[in-house]
Each structure stands twice: as structure tokens, then as C-alpha cells.
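Trainee: Could you take one part of this model and go through it closely with me? I would also like to know how that part sits against the rest of the chain.

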Amino acid sequence: MEQMSFFDDRERNAPLASRLRPESLEEYVGQEHLLGKGKILRQLIEKDQISSMIFWGPPGVGKTTLARIIAKMTRADFVEFSAVTSGIKEVRAVMEQAEQSRKMGMRTLLFTDEIHRFNKAQQDAFLPYVEKGSIILVGATTENPSFELNSALLSRCKVFVLRPLEEADLTKLLQNALASDKSFGSMEVRMGEGEISAVARFANGDARTALNTLEMAILNGKVDEKGVVLVDHEVLSQCMNRRSLLYDKTGEEHYNLISALHKSMRNSDPDAAVYWLMRMLDGGEEPLYIARRLVRFASEDVGMADSNALQVAVAAYQACHFLGMPECDVHLTHAVVYLSMTAKSNAIYMACQRAKRDIRELPAEPVPLQICNAPTKLMKELDYGKGYEYAHDTEEKLTKMQCLPDSLTGRRYYEPTEQGREKSVKDRLEQVLAWKAEQ
């Protein structure tokens, strides 16, 4: 396979995604829910009524590109810097210049990429200038702004959610790239619709990934005797040996995926549960973390309906500890399918919640004396343990002895369901309560 170099000048050697960055709303692909005809963001841009806003979305969906288009269309000075390389000193310098421009009747549009990387002090530095109108803040973030931005700053910004690009959007983007003079000059490229669709699918909603993959495929394409570059399935397979699925082990997507796994198991959907499990493992999630969540699920969502579920989950944790990845993926799948398909009951979880609520809201009552230990003479003289009834001394293995404080007598925390094996537990509890009521 022949490696080719098409361009000598610096502009031509820039990444394809940079060379083809849209410069107008007409060239922009995707985000029709925001930028379609008559949609609110498009109207704000076209009427030059932009206010401070946050663009929230995954990588490669056009956040930076959209900010630059806005800068070209609005009557304001445009300042761009990244939270990765800028500190509080740079922020304040920009703010002071923006304030001077405001006094002269000029607005400043400040685009801040990766705004979630700013700390609290840096975010606070924006506040007075946003409030006074010295700057129009346009921030871009891949993280949920509800968690990553100060509430005071967030309340002054409109949040627009940018979605991953559809496969049709990416296909259109790739076709435009192949037809553009900015892409590969006069070089003729032959690439079938199937190959274009494969790249669009591989990119997983990310325009940058799509264009970078296209560029790599063409640079490594086969050249025939006429100088035509051929991109076939063999070339693409080498450029797309692994798709990088969106996953951040410390970010919002981490919690979204574990939530998807948990709720799929709760809904007795083993197919969905296995899919989300594999998504997490493919993204590099620590298998012991997943195993710990399965142990929790076994009691929170299955409980007494099938106490074997806890044993299966703990066994899966031990298997992950012994083997690690990649071998332990099958053990996690075993546990996930078992937990998905077994009977469910949240009665244990609800018992915990009810008891915790009473502990928070009611006075801390002393332990009834009859169930206190009396290891010393003094404690016996103070009636510790007086009236204690040993259940094993009775034929029924039951007594009427009160074990809750007086103020909580009769309180029910555990209310078993009739799911799975918990039905037998419910029957037994009803027998116990009926016996005590008769004595």
C-alpha cells in the first residue's frame, strides 16, 4: 500500500476537519432541532440577538464551529480561548478589555472551549461581566453543565444541547468532503457508497472522527496506473480497526451507562443489560466497579425474592478479582443475565429507607431494657435485661417481647411482597404477627 503526500503548503497540510470547517449556517450540517428554519437558536443568530449561552454535547458535533459562525454573523468583537490553556490571569485580562470595549459601545463575544475545566474562582470571574453585558459568553462543554458549572453562572446562560450527528448527516458531510476542492485538490478519489456509509457508521456521531478517518483512508488508498486513489473495504478495515465509543469513566456518561445497566436488569431485559455491560467494558470500565454495583442490585432490587442472587453477584465479584479482564467478561454477563431474569422485590431497600427516615426525623429512643445486655452487677440492679424472653425456650420459638422503643411500637419497616421466594417469607411474617396479636 503506497503512502501519498498531496499537499505542500501549510493550509493544505492542516487536518481535513480544519480545512472543511463550515463558515455559514448553510454549510453547517446537523443540529436541525436548533438551527432548522424557524428554530430558536437560528432566529437568535440571524437577528443578532445572541445572549450568553452554553453549548453542551459530545465531541465532534460542531460546538466550536457554531461559535465561530456566530462570531462572523454578530456585530461583536470575537475572543476565543480554551480553559485548558488559560488561567485566571488571562480571564481577567480579557474581561478588562471587554469592559473597555463596552464603554465604547462595542460588545465582546467570548468563546470558551472546555469551559467545564475552569475552577470555581475562574468561573466566578465571568459573573460581573456577564451581568453587566460586557461580554456575551459562549461556552462549550462535553460535561453536564448542571454538575460542572457554578449555579450562579449557569443561571445567566441559556443551555443548548447539541446531539450526536445522525448517520445521514455524516454521510452528507463525507460526500461534501469528497466533492470539495479544499479536501484533496485535483486528486481523483473513488469511494463507493458502501464505504462512505461504513465510515459514517464508524464515526458514531462524531464529524471530526468521520473526516479524520476519511483522510486516513485516502492517504493510504491504492493508486492505479492513472493516478486515481481507490478506497475499498480492505483499506477501510485497516483504518477502522476499532470504534471508540463515547465513554468517560469519571464523567456523566459513566453514570448514564451504569444507570442503563441497572434499569435494564430491573426491567428484566437481559439483552439490553448485556449490551450496556459490554459498552462499559469496551470503554475501559473497571470490572470490579461493575461487580460491586451488581452486588448492590442483588439486595436492592431482588432481595428476599431470590436470596441466591446475592451469592451469584458476590461470586461474580470474586471471579473478576481472580481473573480480571478480558476473561471475567463472561462471569459478569452470567450475573447480569441471572439478575435480569430472577424475581424482583425492593422490599429490603424500602425497609432501609423507612427506618432511615424515622432515624432522621424522630428522637433517638433508648434501647428497651429487656433487650439490653447486663454484664455487670450494677446494670442488673438497674433492670438491664429484666423481662428478656428467650425465644428458643418456647414451643413456637416466638415471644411477645417488645423489641422496638415504645414510641415505635407496631411500626412496620419490612413489608414483603409475593414475588418469587419472598411469598413464603410474607406468609411466615403474617403467621408471626397473627400469633403475637392473639397472645
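Mentor: Y275 is partly exposed, at a relative accessible area of 44%, on a scale where buried means under 20%, exposed means over 50% and partly exposed lies in between (1.4 Å probe, protein chains only). W276 falls in the partly exposed class as well, with a relative accessibility of 23%. Please keep in mind that this is a predicted model, in which local features need pLDDT of at least 70 and side-chain atom pairs count only at pLDDT 80 or more, while totals for chains, interfaces and linings use all residues. Residues are numbered from 1 along each chain as its sequence is written, and side-chain values use heavy atoms, with hydrogens and water left out.

W276 is also one of the residues in contact (heavy atoms within 4.5 Å) with S264, alongside D269, A272 and A273, once neighbours within four places in sequence are set aside. S264 itself belongs to helix α15, residues 252-266, and is buried, with a relative accessibility of 9%. Helices here are DSSP runs of H or I with at least four residues, strands are runs of E with at least two, and both are numbered from the N terminus. Helix α16 covers residues 270-282 and includes P270, which touches S340 and M341 when neighbours within four places in sequence are left aside. Between P270 and G227 there are 43 residues in sequence and 52 Å in space, C-alpha to C-alpha.

The rings deserve a comparison. A pair of aromatic rings is described by the distance of the centres and the angle of the planes. Rings of Phe, Tyr and Trp (its six-membered ring) pair if their centres lie within 6.5 Å, and the pair is stacked with planes under 30 degrees apart, edge-to-face over 60 and tilted for the rest. Searching the whole structure gives 3 aromatic pairs. One of them joins F118 and F126 edge-to-face, at 5.6 Å centre to centre and 65° between the planes; both partners are buried, F118 at 3% relative accessible area and F126 at 0%. Y275 and W276 make an edge-to-face pair too, because their ring centres are 4.9 Å apart and their planes stand at 70°. The phenylalanine pair is therefore built from buried residues, whereas Y275 and W276 are partly exposed.

For a contrast in cover, consider helix α5 (residues 63-73), where 8 of the 11 residues are buried, among them L66, I69 and I70. The elements that cover these buried residues include helices α3 (32-35) and α4 (40-46), together with strands β1 (53-56), β2 (77-82), β3 (108-113) and β4 (135-141).

As for the whole chain, it holds 22 helices and 8 strands. Its radius of gyration, taken over C-alpha atoms, is 32 Å, well over the 22 Å that the globule rule (2.2 Å times the number of residues to the power 0.38) gives for 439 residues, so the chain is more spread out than a compact globule. Along the principal axes, the C-alpha atoms fill a box of roughly 100 × 65 × 40 Å, and 42% of the 439 residues count as buried. Of the contacts with a separation of 6 or more, 73% are between residues 24 or more positions apart.
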